[in-house]
Amino acid sequence: MPPAVIFVSGSDFVGKIAIIGSGPAGMHAALLLARQNHKVEIFEKEPKPGGMLQYYLPKFRFTREGIRPKVESLEKLGVKIHLNTKIGIDKPLEGLISKFDAVILAPGEWVAKVPRLHGINLEKVVFWTEFLRDYNEGKLNSLEGKAITIGGGNTAMDCARVAKRLGAESIVAYRRSREGMPADLDEIAAAEKDGVEIKDHLSPVQFRGRTELESLVFEKTKGAGRELGMTGEQVEIKADYAILAIGQQPDPSILEGSKYNSFKELPDKVILAGDIANEKKLIATAIASATAAAEKANKIVDN
Ligand SMILES: Cc1cc2nc3c(=O)[nH]c(=O)nc-3n(C[C@H](O)[C@H](O)[C@H](O)COP(=O)(O)OP(=O)(O)OC[C@H]3O[C@@H](n4cnc5c(N)ncnc54)[C@H](O)[C@@H]3O)c2cc1C
């Protein structure tokens with residue numbers, strides 16, 4: 001009977017796989033493929049690996065201690081991690097496509113969604129990306145006055161909890177009903193336990209102020225669950241900060257310098273994994289899609 005697994009030793013790699021991004025998806029795909037004796041290289045734009053877990057999740061909720069051992073086990077398997085290496089204009093994607101048998105693209109979604117609202121460019125109107133990163137890097141140590149976080153997901157809960165811990169009066173304003181909030185119930189409960197106030201049925205209309213934010217205008221909404229009905233009635237709430245956490249999207253700069261204008265145009269040997277490929281943006285779904293991406297990469301190498 002033939003052996004179930006054929007081990008290939010030394011430099012006889014099965015295939016060469018490039019992985020863009022060292023978040024949960026990139027690292028998990030790397031682990032699976034390196035264990036199957038592929039030569040795996042990870043390209044990561046940041047100075048530290050770990051993706052959102054490294055840069056965005058607040059440190060009081062997620063310690064970074066678990067990241068290092070994962071990186072070490074990858075290195076032991078021979079995975080090469082190129083930090084500070086941004087794929088895009090300086091190192092175009094096409095170079096990787098021609099050099100490797102398959103490319104797993106797991107860059108996450110690091111661009112905050114920006115609503116088209118009057119006053120969005122006022123000072124003290126900030127986005128979850130810069131806000132959470134500055135906090136985690138120790139660049140933001142206090143916040144005075146009232147901070148209103150707009151959004152209803154886990155990221156919004158984290159922003160509001162951070163604002164509260166930094167000293168602000170912290171409010172979450174969500175446009176649908178409380179029951180329709182996408183955040184995990186545990187995360188909503190934790191925010192309230194921290195002293196965050198949750199106001200539902202408030203849809204932002206404009207940010208007011210001369211150069212700095214002074215107040216937010218909302219339209220009251222109605223509707224149960226995920227229904228969204230507008231009432232026409234407006235309310236103005238004074239605030240010192242607005243933190244926008246209404247969603248995330250992919251950074252198209254990864255395609256700069258290549259002939260591709262959209263992620264849909266990429267050739268078959270480029271496999272999307274993690275948040276960029278998933279409807280539900282979670283660690284578990286990122287890992288599941290990385291498993292599928294690794295299987296697909298194996299098939300590409302086999303053919
Ligand atoms: C505040 C916050 C709280 C969250 N809370 C939870 C939670 O409680 N539970 C949960 O399950 N999920 C949570 N998530 C979601 C979870 O973090 C993501 O779903 C997960 O990290 C996605 O993994 P990923 O590997 O697809 O991408 P990411 O973790 O985003 O990693 C992508 C990596 O690719 C790199 N990259 C991007 N572009 C390039 C480029 N051009 N060149 C090279 N490298 C590049 C990035 O620097 C990054 O390191 C939270 C997210 C946020 C922001």
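Q: Which domains does the domain assignment of the chain give?
A: Domain 1 (16-109 + 250-302) and domain 2 (111-244), with bounds from an automatic or database domain assignment. This is a predicted model, where local features need pLDDT of at least 70 and side-chain atom pairs count only at pLDDT 80 or more, while totals for chains, interfaces and linings use all residues. Residues are numbered from 1 along each chain as its sequence is written.

Q: How far apart are the C-alpha centres of domain 1 and domain 2?
A: They lie 31 Å apart.

Q: And how many residues are in contact between them?
A: Nine residues of domain 1 are in contact with eight of domain 2; contact needs C-beta atoms, placed from the backbone, within 7 Å. On the domain 1 side, five of the touching residues are nonpolar, none polar and four charged. Nonpolar covers Ala, Val, Leu, Ile, Met, Phe, Trp, Tyr, Cys and Pro, charged covers Asp, Glu, Lys and Arg, and the others, Gly among them, count as polar.

Q: Where does the ligand lie relative to the domains, and why?
A: Between domain 1 and domain 2, because both give residues to the shell around the ligand.

Q: How many residues surround the ligand?
A: 36, with G21, G23, G51, G108 and G274 the closest. The shell has 18 nonpolar, ten polar and eight charged residues.

Q: Which helices each supply at least two residues of that shell?
A: α1 (24-35), α2 (52-55), α6 (154-165) and α8. Helices are DSSP runs (H or I, at least four residues) and strands are runs of E, at least two, numbered from the N terminus.

Q: Take α1. Is it mostly covered or uncovered?
A: Mostly covered, with nine of its twelve residues buried. Buried means 20 or more other C-beta atoms within 10 Å of the residue's own, exposed 12 or fewer, and partly exposed in between, with C-beta atoms placed from the backbone. Among the buried ones are M27, H28 and L33.

Q: What do the buried residues of α1 pack against?
A: β1 (16-20), β2 (39-43), α2, α3 (67-76), β4 (102-105) and α8.

Q: Switching to V301, where is it?
A: In helix α8 (residues 283-302). V301 counts as partly exposed because it has 19 C-beta neighbours inside 10 Å.

Q: What does V301 touch?
A: V14, G15, D101 and A102, leaving out residues up to four places away in sequence. V301 and A102 are 199 residues apart in sequence, but 7.3 Å apart in space, C-alpha to C-alpha.

Notes:
Two residues are in contact if their C-beta atoms, placed from the backbone, lie within 7 Å. A residue is near a molecule or strand if its C-beta atom, placed from the backbone, lies within 6 Å of it.
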